[in-house]
Every structure is written in structure tokens, then in C-alpha cells.
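Please look through the structure shown here and follow the report alongside it.

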Amino acid sequence: MSTFTAAVPKPDSVKHHGLLHWFTTLDHKEIGKLYMVTSLFWFVVAGCLALAMRVQLARPNAPYLSPTTYNQTFTLHGTTMIFFVVVPVLLGFSVYFVPLMIGARDMAFPRLNSLGYWVFALGGFLLYMSYLFGGGGPPDAGWFSYAPLSDWPYSAAYGQDYWSLALLLNGIGTTSTGINLIVTIFKERTIGMTLKRMPMFVWMVLVNAFLIVISIPPLNATIVMLEADRRLNAHFFRDAFGGSPILYQHYFWLFGHPEVYIMILPAWGMISELVPVFSRKQLFGFVYVAAASVAIGFLSYGVWVHHMFVTPLPRPMWLIFSASSMLIAVPTGIKVFAWTATMWRGTIRLTTSMYFAIAFVLQFTLGGLSGVMFGTVPIDWQLTDTYFVVAHFHYVLFGGTVFAVLAGLYYWYPKITGKLLGERLGMAQFWGTVIGFNMTFFVQHFLGIYGMRRRVYTYAPGMPYWAPLNMVSTIGAFILAGSMLLLIINIFRSRKHGAIAGDNPWDGWTLEWATTSPPPEENFKMVPPITGRRPLWDYRHPEQADDINPGEAPILRQP
Amino acid sequence: MPSEISIEATDKTTLGTLLLTLSEGVFLAMLTFAYFFFQGQKPQVGPTAAGSLEPVWTGIFSAPLWATTYTSWRAMLNMRARSVDTAKRWSWLTVLLAFVFLCGQGKEWSDLADKRITIESGLFGTTYFMVTGFHDLHVFMGMVVSMIVLYVIARHGAGEGQIHAVTALWVYWTFMASFWVVIYTVVYLWSAVS
């Protein structure tokens, strides 16, 4: 590796040891790992809550959870999965890999990076403190806590306030990390790493970070308005005093729909990295995929009303937001086309990671298509707040994001730990996850069509097909949980007994593979020259290098 | 100086501050829109803006906040010229002007309380106190951060980091003053017109 050109300064921070080290570290890789481990912890907690709900719904008139406990359970499940699992695990991958992929020493603001994580961690802790100090238990108004249900007269216990404070802290932490990622991408790229040469994952993280910076404030504003109503007797959402509960929905979904893309964009970035590597081809239509991401970023602010088609709206609103909701499927379709075209006639290497990526493309497409259905107003009226919605968003968030994260984990675990995740256990986990996931959620489409409302805690025995479909869904949930157990076993077992990965086990071509596994604290001993989108490929195959201008070829240069 | 406004020419502290102001701007815009939305509705329940606010008086106390754009800019120019003492004087003046503005806001809140207008007295009180209160909180935070930067300059002189910090503060005060133009227009001038 004598071709690397730019020396990187050594870190100057004081290094603590033991547990104190994890509280004081400013290293982006360790903070990234903290995000991932914390998300995994909350994933297990929220997964257990999901199993409790599935047990309750497995058969009619089941006696296990009371209506109040069921409400609390789905509220904590949704809030935890969205704010403390999906978003932070993606932030964890972003914080870990963005500096490596752009050849940076660390994030632009390492202390802010640490602050962002710890504020987020405090938020999760606070949410579950509501079990102990909620004065009536945890919040129970659902993950979007519509007013007036979440207002004082209807949710008098402190649990709802814990929800508000937890999300405010989460928002502060997430926004600070979003700002940090943008500045890192703009200001810390190594020499030669132009915007056009940035890896697609970094592009997606950049768009994602802008969405975070602009979308979280509407949520924060909504929460402070709600708390003002609850604790200061203000009237924002109180109809009797001239306030508007509908305004709550507008504000929440102005945050909520871009949030959907916050939860999927980095996942798309992961797929855009590993599909080309395992297909031995460049990403098809790189520029169009990047442009589609930016387009999605803008369009995501123009679709929020499709969450509110059942509220009283003027007819033009239906037309505008129906059209915009369908329009956003176009750039999304470009991505699916690009991944498929990348695989087409590629030399595909079917690793566990690639299996998850292929399953992602199929399942995410299904979730996206059912999303387009909700852009059609009459269908939305028929299916809103039914299990069809539950199936749709789980196909996007689990079948999409979680599968992409699993693909990314199998792909990057060797870089993080220096060990390969076990492939045999990985394949067992893959099939368990695919079968369990589809058993759990595919049948919920039919439950929704047959009229089962989301958030019902039980149902009568005579409802058409409800009992058998719910039983299938519950069995699937337990298969899914078993597959996640296999993943956890694989993570811990491979950490100790896994095969040594080497620096570049997949023959990857982005910069993170140019350093050791795991990377040293300063990331790189030397940073390679960047002459195209695939710097390591250019280095190893200069005769086939991409996008190189004359005189810019990776000539041997000593630092 | 066109190159001064490119991302490449902007230091990371200032870029981070620009993004922070973007984020906080959206937050304040949401509260301001809520005020606009509810004040546009008729009939109003409880006290209204027209009978409660004094736009001229508030305008006089707003002038110091708007002046912080100039004083913080002078502080930045002097820091870049390594005139540290002058830069510190302009920075202290910025803090003082912000304090005068907050005193004006405090008096206005006190007068409204005397008229029995509070956050729970109606939609005007609810929206007015939230909009101005959160803006004032941001002004207060700007004062605190300015004083921390002044302390760091007093201890360490005018290094690159301090110059970037003073530049970032100029961005922040310009944002606060600019957003107050929006609030002043929507809340105070609108009340005068209506």
C-alpha cells in the first residue's frame, strides 16, 4: 500500500480505559458502535412488546393484556422502533462509515457527535422510566399521539409527558448528529473526493441528514405545543377554545412523512454499496440514483396530507396530495430499477449479505406498491387505520430498512470487528427472517381488507378469517424472533470464534476497505489517492479504472 | 467577495451554525405559523392582539436586537484583522443590545400580565407567548454563548477557532434579528393593521 498519499495526524484526545472509556470516547467508530448496540438493545425490548401483542391477538377474546396495557404496549413498541431503533441504527452506520468512506480522520465535531449519542440515549432511558414514574403507566396514545387523545383530560398520567420529553431529547440528539454529518461530508473529504466521486451511501446519508435537520423541528414544535396544552393550559389543540386538533395532524405528518425517508435513505445507500460489490459491476445509473435521492428529499415534504385523507379536507387537497404521493414513486422506482440492472448479467456472489439485499429489493417493492395504493383517496378511505396499513409500513420498515441493515451488517461486520459473521448461521437466520417476516405481515394485508382495525386489543370469534390469519401472523412473529436470536448468537459467536476477515474480504472498492479491520483510531495510516468512484479498484486495476482524466491515474506516489 | 459564501470557503463552525439556524428557523416558523393560523380565524375567543400589543413601543425595543447584526459583524471583522480588544468591545456591545431587547420583552410580558393576558387566557395568549418566548429563549442562549466565546478569547487570544466562533456568532445574531423581523411583522404590525 505504498501508493497512499496523504498522512493523517494522530489523535490527541486522552484515552480512558474500561467502562469510563465508553462514556468519554470521541472516536466516531466507537460512537457508531454505541448507536448500533443501543439500537439492538431497544430492538430486543420493542420486539418483546410486539410478541406480547401477537400473543394477545393470536386467538379471539384472549385474556392476556388489558385494553390499557395493550394501548401502552403498542405505543411503546412503535415509538421505540421508530425513534430508538431504526433511526439510530442508521445513524450508527452513518457515523461509523461516512468518515471512513470519505477518507476523514473523524467527524467534523467529535464532541458534538458524543453529545448527540448521549442525549439520544438519555431519551430512550427516559421513555421507559415512565413504567416506574408515569403515575399511571407508560404513554398509551400511540406513536403519533394525536391530540386531543394525548392532551391532559384524556391522558392525564405523566406517561405522556415522558413520551414528549423522550422525543424532544431524541430530536435534539438526532438533529445534532444530522448537522455533524452534513458538515463532515462537506468539509472533511480527503483530497480528490469530489461530490461526484462520493460513494452512494454517503450521498444518501447527506440527503438524509438534510431531511433530519429540516423535519425534526416540526415534531419538536408539535411536542412543545402539546406540552403547553397539557401542563400550561394552553389551547393549541383544544377545539372548545378555538384550537385545532387537525393542526396537530398537519404538523406531525409534516415531520412524519419525511421521517419515513429518514428511515429508508441510508438503507438504500447500504444496498447501493453492497449490490455492486457482490455483482462485480458499478452501480447502474449512479448519477440518476443520486438525483433520485435528492428528488425524494424534496418531494417528501409534499405528501404529508395523504396520512390525513379521512379528515375534512377541501377537494383540491385530495387531488394535489394524491398526485404527489404517486409522483414520489417515480424516483423510488429509479432506484429499484438501478439495483436490478446492476445485478443483471453481473457475476453475482451469493453471500448472506447479498441474500438479504435481494430480499430487500423484493419486499421493499411490495411495501412501496401498497404505499402507492394509499395515494388513491377512495382506497385510503377504505383501508385507513386497518391492518393493511400495519402490513404496508412493516413491509417498508422491516422488509425494507431492517433487511437492508442486516445486509449492511453482514457486509461491514468484518470491517468493524476484523471477523467474518458465520455464513451457515447467517443463511439459517436469513431463511428464518424471510419466512417469519412474510408469515407475520403478508397475512395482515388480508386482515386489513377483511376489516380488522389496527390497535384493537381483541376481537370476537365470528369475524371472517380473523382467527386463522392472526394465528398465522403470531406463529410468524415467533419464527421471526427466533431468527433474530440466531443473529445475536452469530454476532457474539463470530466476535470470538469467527474467521479472520482481513482488510478487504469482499474485494470492495470504497475507502473503508483500504484500511485495517478494525480500523486504527486515526482511521488510515495513509489515505489512498482518489481518482474515481472506486478508488481501490482504480489502484488494483489502473488499466480498467473508472472516470480517470489523463494525468490523474493512480501513479505510485510516496507520502 | 463571492468566494466567501461558497461552502468551500466557509469554515466548519460557521457551516454548522448555518445548519443550526436552518433547523431552529423551521422550529420558530412552525410556532409563528400557528400564531398566523389562529389569528386569522374569526371570531376570536378571549383577548386579541389588536387590543393588547403596542407595536411602536416594541419597535423601539426591537431596534437593539436588529443592531446586533451590525455589532456582531464588526466584531467578526476586527477578529479577522486581529484587533482583539476592539472585537471584544463589539461583542460585549452585542450582548448588551440583546439584553436591552430582552428587558423590553420582559416589560411587555409584564404589561400583558397586568391586563390578565396569559398563556391560558385564549388563543392569542397561547400563540403569542410561545412564539415570542421561544424567540427570546434563543436570544438568551445567544447571549450565553457570546459570553462563553468572549471568555475563551480572553484566555486564548484570537486563534483560528476563535475567529470562526465569532463568525458563527455573527451568523447566529443575523438569524435572530432577521427572524424577529418576521415575528414583528406577523404579530405586531398585523395587530396594528387589524
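What share of the contacts in chain B with a separation of 6 or more comes from residues 24 or more positions apart? That share is 84%, where two residues are in contact if their C-beta atoms, placed from the backbone, lie within 7 Å.

The model is predicted, so local features are given only at pLDDT of at least 70 and side-chain atom pairs only at pLDDT 80 or more, while totals for chains, interfaces and linings use all residues. Residues are numbered from 1 along each chain as its sequence is written, and chains are lettered from A and ligands numbered from 1 in the order in which they are written.

## Chain B

Chain B holds five helices and zero strands. Helices (H or I, at least four residues) and strands (E, at least two) are DSSP runs, numbered from the N terminus. Along the sequence the pattern reads α-α-α-α-α. Taken along the principal axes, the C-alpha atoms of chain B fill a box of roughly 55 × 30 × 25 Å. Of the 194 residues in chain B, 42% are buried. A residue is buried if 20 or more other C-beta atoms lie within 10 Å of its own, exposed if 12 or fewer, and partly exposed in between, with C-beta atoms placed from the backbone.

B:Leu112 sits in helix H3 (residues 84-114) of chain B. B:Leu112 counts as buried because it has 20 C-beta neighbours inside 10 Å. Not counting residues up to four places away in sequence, B:Leu112 touches B:Ser52 and B:Ile117. B:Gly125 is 13 residues from B:Leu112 in sequence, and the C-alpha to C-alpha separation of the two is 9.1 Å.

## Contact between the chains

The contact takes 26 residues from chain A and 24 residues from chain B. On the chain B side, helix H1 (12-39) and helix H4 (123-156) each supply at least two residues. H1(B) gives the largest share of that side, 14 residues. By class, the side of chain B that touches chain A has 16 nonpolar, six polar and two charged residues. Here Ala, Val, Leu, Ile, Met, Phe, Trp, Tyr, Cys and Pro count as nonpolar, Asp, Glu, Lys and Arg as charged, and the others, Gly among them, as polar.

## Nonpolar core

The largest nonpolar core has 208 residues, and A:Val202, A:Ile271, A:Phe356, A:Ala407 and B:Val166 touch the most other members. A nonpolar core is a set of buried Ala, Val, Leu, Ile, Met, Phe, Trp, Tyr and Cys residues joined through C-beta atoms within 7 Å. Leaving aside neighbours within four places in sequence, A:Phe356 is in contact with A:Phe403, A:Leu406, A:Ala407, A:Tyr410 and A:Phe430.

## Helices and domains of chain A

Helix H6 (residues 200-232) and helix H8 (residues 265-279) of chain A have axes that come within 7 Å and cross at roughly 175 degrees. Axes are lines fitted to C-alpha atoms, for helices over the stretch in contact, and angles run from 0 to 180 degrees between N-to-C directions. H6(A) and H8(A) are therefore roughly antiparallel to each other, the term for angles over 145 degrees. On H6(A), the residues making the contact include A:Met200, A:Phe201 and A:Trp203, and on H8(A) they include A:Leu265, A:Pro266 and A:Trp268. The contact of H6(A) with H8(A) divides into ten nonpolar residues, three polar and one charged.

An automatic or database assignment sets the domain bounds. For chain A it gives domain 1 (6-11 + 28-123 + 152-188 + 205-528) and domain 2 (529-559). The C-alpha centres of these domains of chain A lie 36 Å apart. Twelve residues of domain 1 are in contact with ten residues of domain 2. The side of domain 1 that touches domain 2 has nine nonpolar, three polar and no charged residues.

## Backbone details in chain A

Two peptide bonds are cis, as listed below.

| Cis peptide bond | Omega |
|---|---|
| A:Ala147 and A:Pro148 | about 5 degrees |
| A:Ser517 and A:Pro518 | about -10 degrees |

A:Pro148 is in the loop between helix H4 (110-133) and helix H5 (159-187) of chain A. A:Pro518 is in the loop between helix H16 (466-497) and strand E2 (526-527) of chain A.

A:Asn61, which is not a glycine, has a positive phi near 50 degrees. A:Asn61 is exposed, with 8 other C-beta atoms within 10 Å.

Technical notes: Angles under 35 degrees count as roughly parallel, over 145 as roughly antiparallel, 65 to 115 as roughly perpendicular and the rest as oblique.
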